[in-house]
Amino acid sequence: MAQGGGMKSLAKDTVVYGLTNIVSKFLNWLLAPLYIRVLATSAEYGIVTNLYAWVSVILVVLTLGLETGLFRFINTSDKPQQVFATCLKVLSVPVLIFLLVGLTQTQAIADFLKYPLHPEYVGMFVVIVALDAMMSLPFAYLRYQHKPWRFAFYKFLFIGLNIFFNLFFLIVCPRLEAAGYDLPGWLYRPGMGVGYIFISNLLASSIEALMMLPLFRYGIKGFDRELLPKLARYCGPLVLLGLAGDFNKMAGQVLIPYLYADHGEGMTALGIFGGNLKISVIMVMFLQAFRFAYDPFVFSKMKSRDAGQAYTMAMTYFILFASVIFVGVMYWIDIFKVIVRSDYYSGLVIVPWMMFSEILFGIYYNLSVWYKVTDRTYYGALFAVIGLVVTLTIITLGVPRFGFIACAWAAVSCNLVMLLLSYVLGQRHHPIAYRTRSDLGILALGALFYFGGMQIHPESVALTLVLRTLLLLIYIGLAGYLFTPVFAQLRHRRQ
């Protein structure tokens, strides 16, 4: 299997995966204003936020770090299909156990999550999580094969179906009922409310899984017993890393309802927090697109002579593009905030904090290359656990006193601590000559333009957007000229 290497391959895959994620997440993003406006209260949206946060955390455990493990061992094996088959069979064990326990203990789990009247929510999410976990490796195998367009097809299939079912149950059916049509009970029940969001996801995931069945045929034959201990040693720390890392991101969405004296008030706060998180999802989209392309890029370059140079350039351009996104979103916040109702505006304060935390995490993700290519993934687990301690400390002490803004402070603090630890230890164990001054220069210049641009607020919103857009273009030009490798080489040649 010919593997793409080099910056051109990374850029090309990032563009395809980026377009896939940007378009699909944008379409999914459009569901947020629908939910916020259709659901009666922010507390109901809090239920959506809370349960999807649990899904994200549980998926980390179920997938056992096998996505990264697949990339690590498939690139050094002469039997790549056997590596995929082995990983898929290993994955099926915890998924089946999860299904069995989850579907037989729905009421107990619902009681624990404080949704005692809705065990059906738990049952639906158990199946959704199991399906998503099993599909994770076929998606990773498509990335290994450099088939981003097929990857995109399945992603768009899910999002299209999810949007269709949401619109059908939340918009079409209520209007038909209001117009006097008597819909059968098996199709639509007016009292289901927020449950139809979960039903839509379940239907879309089920159809997506059926369409992806041909990909599973690669995992039917073959099993490498000798690979098992290697997977265990490599992926074991990744599970801890992923669990701690993901809980770092989701801790607020999981814990907020339980840190308020009144659970109802906590659910309302969570709804506001979750609604405004949707604004910062633009940064998340870019980071996820970068990560999809970066993992196979890292392992395909690990034995190349120019690996260090490639990693440093990837870092610089990541920071540049992420900083531009940050400044752009904040400059145009008057446009982006329309996705939430005015009663959610109290949560806008978290947006710059959460986007900056994503930039820090992206830098940390770039730095993590040293322990991945040297098989020292236990360092990643250590960093994640330390970060988790920071997150939990700030959230548990801060939320009761300062409200949900403490979750944003926790996210920034956690990612900053992990970033610094990874940089210091990485330079000791596997030094890479990052362009640290230039990278910090991009961030510092971005901060200057952000704080300066946010002081521009004439009475006309349109004039504000025009002036800030001009500033954004100036920032892009200055940062690119002063700090990117391309212009640095040009200046060196002139000298």
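Biologist: What does Lys249 lie over?
Modeller: Lys249 lies over the face of Phe361, at 3.9 Å from the ring centre. A charge sits over a ring if NZ of Lys or CZ of Arg is within 6 Å of the ring centre and within 35 degrees of the ring normal. The model is predicted, with local features needing pLDDT of at least 70, side-chain atom pairs needing 80 or more, and totals for chains, interfaces and linings using all residues. Residues are numbered from 1 along each chain as its sequence is written, and side-chain values use heavy atoms, without hydrogens and water.

Biologist: Which aromatic cluster is Phe361 in?
Modeller: One formed by Phe361, Tyr364, Tyr365, Trp370, Tyr371, Tyr378, Tyr379 and Phe383.

Biologist: How many aromatic pairs are there?
Modeller: The count is 29 aromatic pairs. Rings of Phe, Tyr and Trp (its six-membered ring) pair with centres within 6.5 Å; planes under 30 degrees apart are stacked, over 60 edge-to-face, the rest tilted. Phe73 and Tyr234 have ring centres 5.7 Å apart and planes at 75°, so they are edge-to-face.

Biologist: Where do those two lie?
Modeller: Phe73 is in helix α4 (residues 66–74) and Tyr234 in helix α11 (residues 227–259), so the pair ties together parts 161 residues apart in sequence. Helices (H or I, at least four residues) and strands (E, at least two) are DSSP runs, numbered from the N terminus.

Biologist: Buried or exposed?
Modeller: Both Phe73 and Tyr234 are buried. Buried is under 20% relative accessible area, exposed over 50%, partly exposed in between (1.4 Å probe, protein chains only).

Biologist: And what sits over Phe139?
Modeller: The charged end of Lys155, 4.2 Å from the ring centre. Phe139 has a relative accessible area of 8%, so it is buried.
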